[in-house]
Amino acid sequence: MYTQLADWYGPGPWILLIPLAWIAVVVLVIALLRRTVWRRRACGFGAGFGAGAGAAAEHPLAVLGRRYAEGEIDAEEYRAKRAVLSESSKGDAGGGGAR
């Protein structure tokens, strides 16, 4: 008696397409995350991941805090500059009228 399974030698080389398709999906997801989510968070890491031509500029208070932590400025200068930056950010958020 002849059956269809008697001539079947396995799935063949096309079975490799399924793992390759999953690998392509994973690579596309990682590429999408690198271009969107991870790049936005990279600006807080300084010269590490994502820094370079496309990195966002640091906030002025963050730059001031970094300079104080590295010892470039002393505590008195830090407090004075922080007060000026905090004052200007509060004044800008209030309205929008000319001074």
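What percentage of the 99 residues of the chain count as buried? In this predicted model, 4% of the residues fall in that class, where buried means under 20% relative accessible area, exposed over 50% and partly exposed in between, for a 1.4 Å probe and protein chains only. Residues are numbered from 1 along each chain as its sequence is written. Local features were required to have pLDDT of at least 70 and side-chain atom pairs pLDDT 80 or more, while totals for chains, interfaces and linings use all residues, and side-chain values use heavy atoms, with hydrogens and water left out.

The chain contains 4 helices and 0 strands, in the order α-α-α-α from the N terminus; helices (H or I, at least four residues) and strands (E, at least two) are DSSP runs, numbered from the N terminus. The mean pLDDT, the predictor's confidence in each residue on a scale from 0 to 100, is 76 for the chain, and 63% of the residues reach 70 or more. Where pLDDT is low, predicted coordinates should not be read in detail.

A nonpolar surface patch of about 1100 Å² includes Trp 14, Trp 22 and Val 29. Patches consist of residues with over 30% relative accessible area and no salt bridge, with like charges joined within 9 Å and nonpolar side chains (Val, Leu, Ile, Met, Phe, Trp, Tyr) within 5 Å. Val 29 lies in helix H1 and is partly exposed at 45% relative accessibility.

The whole structure holds 4 salt bridges, each defined as a side-chain nitrogen of Lys or Arg within 4 Å of a carboxyl oxygen of Asp or Glu. Glu 58, Arg 66 and Glu 70 are linked in a network of such bridges. The closest N and O atoms are 4.0 Å apart for Arg 66 and Glu 58, and 3.6 Å apart for Arg 66 and Glu 70. Arg 66 and Glu 70 both lie in helix H3 (residues 60-70), 4 residues apart, about one turn of the helix. Arg 66 is partly exposed at 34%, as is Glu 58 at 37%. Arg 67 forms a salt bridge with Glu 72, with the closest N and O atoms 3.1 Å apart.

Technical notes. Areas by Shrake-Rupley, 256 points an atom, 1.4 Å probe, with all protein chains shown as cover.
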